[in-house]
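Here's a quick walk through the salt bridges and the domain contact in this one. Have a look at the model, then read on.

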Amino acid sequence: MTENNLYKLIIRRRSIRLFKQKKVSFDIIEKIIDCARLAPSAANLQFIDYLVVDKDALNKKVFAALTFAAYIYPKRTPPNGREPTFYIILLVNRHRTKEPNLRDIGLAAENILISLLTFNLGGCCLQNIDKDKIRKELKISDNYEIDSLIAAGYPDEAPRLETDSVNVKYWLDDNDCLHVPKRPLKDVLHYNNI
Ligand SMILES: Cc1cc2nc3c(=O)[nH]c(=O)nc-3n(C[C@H](O)[C@H](O)[C@H](O)COP(=O)(O)O)c2cc1C
């Protein structure tokens, strides 16, 4: 992939919350986790483990523990037949650190979100999740702290990028298309002085 393509992917990436019900092969999921494990890591501690869930029965249990798109809740909760087809749960392995540097998780999550795009997949990072429920349903031991998860699959929506200096709340239009405001470049880029 050329740099130019990567630039376009990053500009194009939006959180996807509606999915086609086509299964993603484990070969692809493995490559995505490979991208995550190679992300930068403070002191190279590499304390993140990745729990992949794609079995229908478990998917249902994870789905029940999630809150989607709080600003417009419940309008962007995936309806029956448009749910994520797999999940990547980001776990802090307590054997590897007592004080996780959360930047590591952000960097690994972005590697996942961008690599999904290279396989024509999409995803959404979720932290508004019932961690106790997920721990119980998936029998996750106390050696792991649940940080967040990425819900993913083949996209069944195409959210649109908007520019807005003030509003941070995404919205749905009359055609059920999600619009996501981002601060303009001129507002956030400070050149040599601020
Ligand atoms: C740390 C973090 C937690 C998030 N938690 C949730 C969540 O619980 N539910 C959800 O629907 N979206 C969640 N999101 C997705 C954000 O709503 C989304 O990134 C934001 O609206 C900007 O849209 P974009 O990703 O398309 O640029 C989360 C994003 C981040 C970075």
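Arg82 is partly exposed, with a relative accessible area of 26% (partly exposed sits between buried, under 20%, and exposed, over 50%, using a 1.4 Å probe and protein chains only). Its side chain meets that of Asp156 in a salt bridge, 2.9 Å from N to O; the term means a side-chain nitrogen of Lys or Arg within 4 Å of a carboxyl oxygen of Asp or Glu. Arg82 lies in the loop between α3 and β3 (86-93) and Asp156 in the loop between β5 (144-155) and β6 (160-163), so the pair ties together parts 74 residues apart in sequence. Helices here are DSSP runs (H or I, at least four residues), as are strands (E, at least two), numbered from the N terminus. Asp156 is partly exposed too, at 28%.

A note on ground rules: this is a predicted model, where local features need pLDDT of at least 70 and side-chain atom pairs count only at pLDDT 80 or more, while totals for chains, interfaces and linings use all residues. Residues are numbered from 1 along each chain as its sequence is written, and side-chain values use heavy atoms, with hydrogens and water left out.

The whole structure has nine salt bridges, among them these:

| Pair | N to O distance |
|---|---|
| Lys61 and Glu137 | 3.8 Å |
| Arg82 and Asp156 | 2.9 Å |
| Lys186 and Asp187 | 3.2 Å |
| Arg76 and Asp176 | 3.0 Å |

Lys61 sits in helix α3 (residues 56-63) and Glu137 in helix α5 (residues 131-138), 76 residues apart. Both ends are partly exposed: Lys61 at 37% and Glu137 at 30%. Over at the other pair, Lys186 is exposed at 66%, whereas Asp187 is partly exposed at 22%.

How much area is buried between domain 1 and domain 2? About 1,100 Å², with carbon and sulfur atoms giving 62%; buried area is the accessible area (1.4 Å probe) that two parts lose on being put together, summed over both. On the domain 1 side, Arg14, Tyr71 and Arg76 lose the most area to domain 2, together 52% of what that side buries.

One salt bridge is counted between the two domains. Arg76 also belongs to a salt-bridge network with Glu157 and Asp176.
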